Amino acid sequence: MNVPANLRYTASHEWVKNEDDGTVTIGITDHAQSALGDLVYVELPALGRTVAAAEACAVVESVKAASDIYAPLAGEVVAINEALAATPEAVNEDAYAAWLFKLKPADAAAVGKLLDAAAYEATIGEA
Amino acid sequence: MQRQTPLNAVHRAAGARMVDFGGWDMPVNYGSQIEEHHAVRNAAGMFDVSHMRVVDLEGPGGRDFLRCALANNVDKLRVPGKALYSCLLREDGGVIDDLIVYFLREDFFRLVVNAGTADKDIAWLRQLLAARVAASGPQPTLVPREDLAMIAMQGPQARAKLWQVLPGSQACSAALQPFMGAVMGDAFIGRTGYTGEDGFEVMLPAARAAALWNALAGAGVRPCGLGARDTLRLEAGMNLYGQDMDETVNPLESGLAWTVDLASPRDFVGKAALVAAPPARQLTGLVLVDKGGVLRAHQAVHTAQGTGEITSGTFSPTLNQSIALARLPIGVAPGDSVRVAIRDKQLAARVVKPPFARHGKALVP
């Protein structure tokens, strides 16, 4: 499985990317998309919504099952990837390009406390 | 301990994602299950169904026994090789299993039952046989055939692919009409399936399964997992035991009235209960109209006649929208609009008569 070294991760299989403008971009990992199988529906949080860390705030549905997506850290939703409504399969094709939403973190230091690539690989048994 | 089919190592070598299915370690997909689905609708795919159990009924009296044991009428089977779909019922009409029975000779019927229910089915049939021994003398013998593997090849090109790779198979099976089967040495070819497409189900000694599988793969037949099997059967409007019906419901409430013979004077296990209690519910199809999710089992369905429940739901690759089977109150009719509870929403769905798709084509607007 592809686990890019420049991203941070959660044990619930979200990836988090620090952006230069102080926001973070969030998606699901390659491991997650592979386990879910073909995605057919993505439900994203409302713009401006404030989410707590570990709060369920999005849903992805594959042919097989529906799965909650959790906010990796607390913050405000500042962008959502609206293109996924028409092309949920983009997540299967490249899980790290097909982001779900962006947060403005409540605590800028919170990202550094998430799993690094090596720690995430260990949680999915690939280290 | 999970059970493995003779093809387990072949699936793993092909990179299949494996899941537990009724105690069996089975492939759910080998990559994209939607692509596997389309391969079956448009070309040819194959499924390892070796977890299903072949049970032979050998010796005189098989037809008489099946007249009593099955809800469908085995007297419809007059031509050797002909197959019949039937439910096996409890006395109260609850569905013990659904199965296919082939008539091969008067002293040889072959049943194919579901994996998760096989042990229960065999115990039930043996109990019925024992009771008949006491009442009317010697009975046929049940012979579970765990020595056989089974591969289903399905799709418009599936039959030709088998003929291409298995010497002698064309001569044996070219004349088979749908729902007919023929013995081929120690193997068996049935023109049956669970996808709504043409194709074969081939039973053969376990030791030869991998060679046939690999030959079919080499001929371009795409390996397909249980994921595609489920979307294909649901599009074809076929029930899944344990999901769309089980021992708590009867076939008349499960879209299976067409398989229950209440017309003939023949008595069978469960008949009295079915005659005594007209159904209050029906199994119908649903197509999701609104955006907002995917129909899934156990979602509540609100209709003008009361509330029901989805028994199987999925995303239909052929229709490119979500479809379901749902058990709804009697009176709900095709064309009705209903509401389905998905998370915090009530989404509109349309009642339709299954099947949703067969033979490569969508059948609902």
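Domain bounds, as used below, come from an automatic or database domain assignment. Residues are numbered from 1 along each chain as its sequence is written, while chains are lettered from A and ligands numbered from 1 in the order in which they are written. The model is predicted, so that local features need pLDDT of at least 70 and side-chain atom pairs count only at pLDDT 80 or more, whereas totals for chains, interfaces and linings use all residues.

**Exercise 1. Confidence and overall form of chain B**

State what pLDDT chain B averages, and how the radius of gyration of chain B compares with the globule rule.

*Solution.* Begin with confidence: pLDDT is the predictor's confidence in each residue, from 0 to 100, and chain B averages 97, with 100% of the residues scoring at least 70. For the complex, the predictor gives an ipTM of 0.90 and a pTM of 0.95.

Along the principal axes, the C-alpha atoms of chain B fill a box of roughly 55 × 55 × 40 Å.

Finally, 48% of the 365 residues of chain B count as buried, a residue being buried if 20 or more other C-beta atoms, placed from the backbone, lie within 10 Å of its own.

**Exercise 2. The two domains of chain B**

Determine which elements give two or more residues to the side of domain 1 of chain B that touches domain 2 of chain B.

*Solution.* Chain B is divided into domain 1 (1-278) and domain 2 (280-362), and the C-alpha centres of these domains of chain B lie 27 Å apart. Their contact takes 20 residues from domain 1 and 21 residues from domain 2 of chain B, two residues being in contact if their C-beta atoms, placed from the backbone, lie within 7 Å.

**Exercise 3. The surroundings of α2(B) and α8(B)**

Work out how many residues of α2(B) are buried, and which elements they pack against.

*Solution.* In α2(B), seven of its ten residues are buried, among them B:I34, B:H37 and B:V40. The buried residues of α2(B) pack against β2 (24-29), β3 (45-48), β9 (148-154), β13 (222-223) and α8 of chain B.

Turning to α8(B), ten of its ten residues are buried, including the charged residues B:R229 and B:D230. Just after α8(B), B:G237 takes a positive phi of about 75 degrees.

**Exercise 4. A sheet in chain A**

Identify the edge strands of the open sheet of six strands in chain A.

*Solution.* The strand order is β1-β2-β3-β9-β8-β5 (chain A), with antiparallel pairing; two strands pair if DSSP finds at least two bridges between them. The edge strands are β1 (8-9) and β5 (50-51) of chain A, each of which pairs on one side only. Two bridges join β1(A) to the antiparallel strand β2 (residues 14-18) of chain A, and A:Y9 stands opposite A:W15 in β2(A).

Conventions:
Helices (H or I, at least four residues) and strands (E, at least two) are DSSP runs, numbered from the N terminus. The radius of gyration is taken over C-alpha atoms; the globule rule is 2.2 Å times the number of residues to the power 0.38. A residue is buried if 20 or more other C-beta atoms lie within 10 Å of its own, exposed if 12 or fewer, and partly exposed in between; C-beta atoms are placed from the backbone.
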